[in-house]
Amino acid sequence: MAAPDRNEFRQTVGLLPTGVTVVSAFQGPGPAGATASAVCSLSLEPMMMLICLDLGSRSLEVVREAGRFGISVLGESQRGAAEIFATKAEQEEKWATVSWRDHLGVPIIEGSLARVVCEVAEIIPGGDHVIVTGEVLEVEAEDDPGEPLIYHGGLFRRLDSEPG
Ligand SMILES: Cc1cc2nc3c(=O)[nH]c(=O)nc-3n(C[C@H](O)[C@H](O)[C@H](O)COP(=O)(O)O)c2cc1C
């Protein structure tokens, strides 16, 4: 073991496979969002989620301002959305590539496997990111969600093994 440089750190922690989501909120009338994999459930009682957002993420400011956010869990067919939402394209351009709707004052992506709407609880510093915790207002899952999009080793992947 050795103290890593930045690249070694990224490569090493990138070996932890994750799901891929779009974290979203309204900026005035328009939707805003970013691809995020640093997303997980935090608490059952009360029900809470956490997301980690880069201090440089435009979506962080929108989430902070809006006071609530959505998490859309992407399926394997939504790789294109994962790619464009990971860019600094204009929000209009990002959202024109997906179909979305307003749910409880949060823009969520149609066709995603699952959706969670949260009220911001706390924003906690974490180096060059922040940890945003949110109380869950509503959840919604597809009856037959299909396969998730996976991120691992710097690549988007699909699950190709049967549950064992
Ligand atoms: C697979 C993947 C996962 C990502 N996860 C996160 C994340 O958890 N938090 C984050 O702040 N950025 C994450 N990013 C980077 C953002 O999507 C990227 O910085 C984006 O341009 C931010 O857009 P915005 O400035 O419009 O909010 C991820 C990118 C990819 C490709």
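This is a predicted model: local features need pLDDT of at least 70, side-chain atom pairs count only at pLDDT 80 or more; totals for chains, interfaces and linings use all residues.

Reader: What makes Q91 a buried residue?

Author: The label requires 20 or more other C-beta atoms within 10 Å of the residue's own. Q91 has 20 other C-beta atoms within 10 Å, and therefore it is called buried.

Reader: How far apart are Q91 and M49, in sequence and in space?

Author: They are separated by 42 residues in sequence and by 24 Å in space, taken from C-alpha to C-alpha.

Reader: How do you know which strands stand at the edges of the sheet?

Author: The open sheet has seven strands in the order β3-β2-β6-β9-β10-β5-β4, with antiparallel pairing. Because β3 (30-36) and β4 (39-43) each have a single partner strand, one side of each is left without a neighbour in the sheet, and these two are the edges. On average, and with direction ignored, neighbouring strands of this sheet are turned by 35° against each other.

Reader: Why are β2 and β6 said to pair?

Author: Pairing asks for at least two bridges between two strands. Strand β2 (residues 21-27) and strand β6 (residues 68-73) are joined by four bridges in the antiparallel sense, so they meet the requirement. Within this region V23 stands opposite I71 in β6.

Reader: What does V23 touch beyond the residues up to four places away in sequence?

Author: V23 touches G33, A34, A36, V39, I51, S59, F69 and I71. V23 also belongs to the largest nonpolar core, which has 34 residues, and it is listed with V22, A25, I51, V63, F69 and I71 as having the most contacts inside that core. Among the elements that each supply at least two residues of this core are β2, β6, α2 and α3 (79-85).

Reader: Where does helix α2 lie?

Author: Helix α2 (residues 58-66) lies across β2, β3, β5 (48-54), β6, β9 (114-126) and β10 (129-141), and runs at about 55° to β2.

Reader: What makes up the shell around the ligand, by class and by element?

Author: By class, the shell has eight nonpolar, five polar and three charged residues, while β3, β5 and α2 each supply at least two of its residues. Of the 16 residues around the ligand, those that come nearest are A34, A38, D54, R58 and S59.

Definitions and conventions
Residues are numbered from 1 along each chain as its sequence is written. Axes are lines fitted to C-alpha atoms, for helices over the stretch in contact, and angles run from 0 to 180 degrees between N-to-C directions. Two residues are in contact if their C-beta atoms, placed from the backbone, lie within 7 Å. A residue is near a molecule or strand if its C-beta atom, placed from the backbone, lies within 6 Å of it. Ala, Val, Leu, Ile, Met, Phe, Trp, Tyr, Cys and Pro count as nonpolar, Asp, Glu, Lys and Arg as charged, and the others, Gly among them, as polar. A residue is buried if 20 or more other C-beta atoms lie within 10 Å of its own, exposed if 12 or fewer, and partly exposed in between; C-beta atoms are placed from the backbone. A nonpolar core is a set of buried Ala, Val, Leu, Ile, Met, Phe, Trp, Tyr and Cys residues joined through C-beta atoms within 7 Å.
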